[in-house]
Amino acid sequence: MPTTEQTMLYKKGNLTNETLISLYKKMLKPRMIEEKMLILLRQGKISKWFGGIGQEAIAIGVTFALTKDEYILPMHRNLGVFTTREIPLYRLFSQWQGKANGFTKGRDRSFHFGTQEFNIVGMISHLGPQLGVASGIALANKLKENKHACAVFTGEGGTSEGDFHEALNVASVWSLPVLFCIENNGYGLSTPTSEQYNCEDLADRGKGYGMESHIIDGNNILEVYTKVSELAESIRENPRPILLEFKTFRMRGHEEASGTKYVPQELMDEWAAKDPLDMYRNFLLFEGLLTSQIDQVYKTQITDEINENLQLAFEEEKITSTKSNELNDVYQNYTYQEVNPNNKEENIRFVDAVSEGLKQSMEKHDDLIIMGQDVAEYGGVFKITDKFIDFFGKERVRNTPICESAIVAAAYGLSVNGMKAVMEMQFADFVSSGFNPIVNLLAKSHYRWNQNADVVVRMPCGAGVGAGPFHSQTNEAWFTKTPGLKVVYPAFPYDAKGLLAAAINDPNPVLFFEHKALYRSVYQDVPTDYYTLPLGKASVLKEGTDITIISYGAAVHWALDTLGKNPEVSADLIDLRSLQPLDTEAIYASVKKTGKAIILQEDSLFGSISSDLSAMIMENCFEYLDAPVKRLASMETPIPFDQSLEQQYLAKNEFEAALMDLLAY
Ligand SMILES: Cc1ncc(C[n+]2csc(CCOP(=O)(O)OP(=O)(O)O)c2C)c(N)n1
């Protein structure tokens, strides 16, 4: 029987009986699904299981408090989010069995999925980026003025990640309507809270971000629901982030196989007595809103629903696919629209061309947002966005705090919520601070759950400017390695403008490399109007018969200088312009014609573009080759600051000799 103490915990307020019962049924369902899953797990019918038993009140209360068209971003213990949004159960069961009726075509497991149909954005394993995505979604909501709230979950363990700090800080600085929900369940895998953080309550952190925060009893469904409803309503009207710490407990192992040996029994017992479902059932019984008989009816209904849906999922055939099917889903299908340039041209610098391409894209796409450090009033450190705020305003040209990871994730959030984003890395070197969301969130999104990432990351890169190891790198090879990203690297103003416009039109994630040494040194006649150039098409700058020179970025200019000094050399010079996709056709056609290939790049050699190109040429053009393929790259050291050391580092000065050697082979 319920104790008075327990029933006293619940405050009905003005909730209707219907709502009170509905909340109960919403909590009962995931509990019963989980109990069934534990059986199936033991029978070896499903793989891993991350349990949320004992934490249901949080997922259900928060989801019930939002409207169905508001985004919610759950984590691995939030089955209740999915069931409260009323996803048909067979689809969830299929998802966990890797079948086609799930949400990831067998490509991702457990709760690593989202669905636009239900306005749910699933997590990636790395936990933290989820919070920045919520900031981006909320930014889109705010810009659209649709008065939508958004809620994102994290465990207390996840709050130790930099992503947590970055996402909350951005949301606070930009007054974004997000509910950041920490489920403090005592342990992050085996790590107790005392080894995870050293403040009294995680809610205290809100103060540091200038953010309102609340502590909520996460095992009390009525407290969760009423408090979150009130706060969601408040942030819809008055956009701002709120930090919520839900106190709860993880009643089972991190995942089923890992057990709970490290958890003291007293703690288990203490929290077992506070089971959110049992307590609430007792309350409803006490209030006369539920009887054991009716409870049994509900249970029977849910059992039937689970069994029928499980049957459907088990009967569904195992997924099959083909390699081409898998490859076709890495990127969103997109038909490139060619916009031809007008005749009017102006002689401008590389930096002006990038700026024009970006500005004209902002005019073309009302939903395009630029984010980056110092890009607004200051115009960016290279002045690419100089005066943009006069045309587009500060809402669309956004200065960001120094937090690359959260901004990449926020850019993805904008895309999830139907907008487009260009992010400026202040220097390409700093992309390492946003590396995780680029290679894990953006790159894998379409393949995993059919969600594109309409994001361009601009990357001012490269050496030759005496800027030392952290402002000189050309790190394109970090990204060409990762399926799902496009990588563009123009060498001329005309290409830079047209390719940037095309990259922005492309709904896939694009890393757009802009060599700093070219910004103000290379001029070209460039059409004044908007135009596009296709990604994945190389440009043949010179045609000859004896050798093929393949290059991209600043190194193209090194090759041009060398050919200028040696007019007797009859060479094809191929400027790749884009590295992913790669114009293999142009490369092979040229090498088959000349029989010799030298690849010149600014990056150091090992694991670089030239290494792959060389292997590809060997594999595809071997019979046509008259000499081994030569790769010429910069030294295998960090990039030194001193100008003479930097010149020694760069492959530039060795190119002429290498070219002559290969011609003489
Ligand atoms: C970046 C990263 N590091 C480590 C892990 C491994 N890992 C997965 S869940 C987890 C514990 C998470 O704890 P918490 O955030 O408190 O959530 P809970 O599992 O308790 O709900 C760990 C260490 C991971 N997934 N990602």
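This note goes through the ligand site and the cysteines of the structure above.

1. The model is predicted, so local features need pLDDT of at least 70 and side-chain atom pairs count only at pLDDT 80 or more, while totals for chains, interfaces and linings use all residues. Residues are numbered from 1 along each chain as its sequence is written, and side-chain values use heavy atoms, with hydrogens and water left out.

2. Around the ligand there are 14 residues, of which His76, Arg77, Ser125, Gly157 and Tyr187 come nearest; a residue counts as near if one of its heavy atoms lies within 4 Å of the molecule. This shell consists of 2 nonpolar, 9 polar and 3 charged residues, where Asp, Glu, Lys and Arg count as charged, Ala, Val, Leu, Ile, Met, Phe, Trp, Tyr, Cys and Pro as nonpolar, and the others, Gly among them, as polar.

3. Oxygen atoms of the ligand lie 2.8 Å from a backbone N or O atom of Gly158, 2.8 Å from a polar backbone atom of Tyr187, and 3.2 Å from a polar side-chain atom of Glu156. Of the 570 Å² of accessible area that the ligand has on its own, the protein covers 70%, as computed by the Shrake-Rupley method with a 1.4 Å probe.

4. The structure holds 0 disulfides, a disulfide being a pair of cysteine sulfur atoms within 2.5 Å. For Cys403, the nearest cysteine sulfur is that of Cys150, 17 Å away. Cys403 is buried at 3% relative accessibility, and Cys621 is likewise buried, at 0%, where buried means under 20% relative accessible area (1.4 Å probe, protein chains only).

Methods. Polar contact = N/O pair within 3.5 Å; in protein donor to acceptor, adjacent residues only side chain to side chain. Buried < 20%, exposed > 50% of the residue type's maximum accessible area, 1.4 Å probe, protein only.
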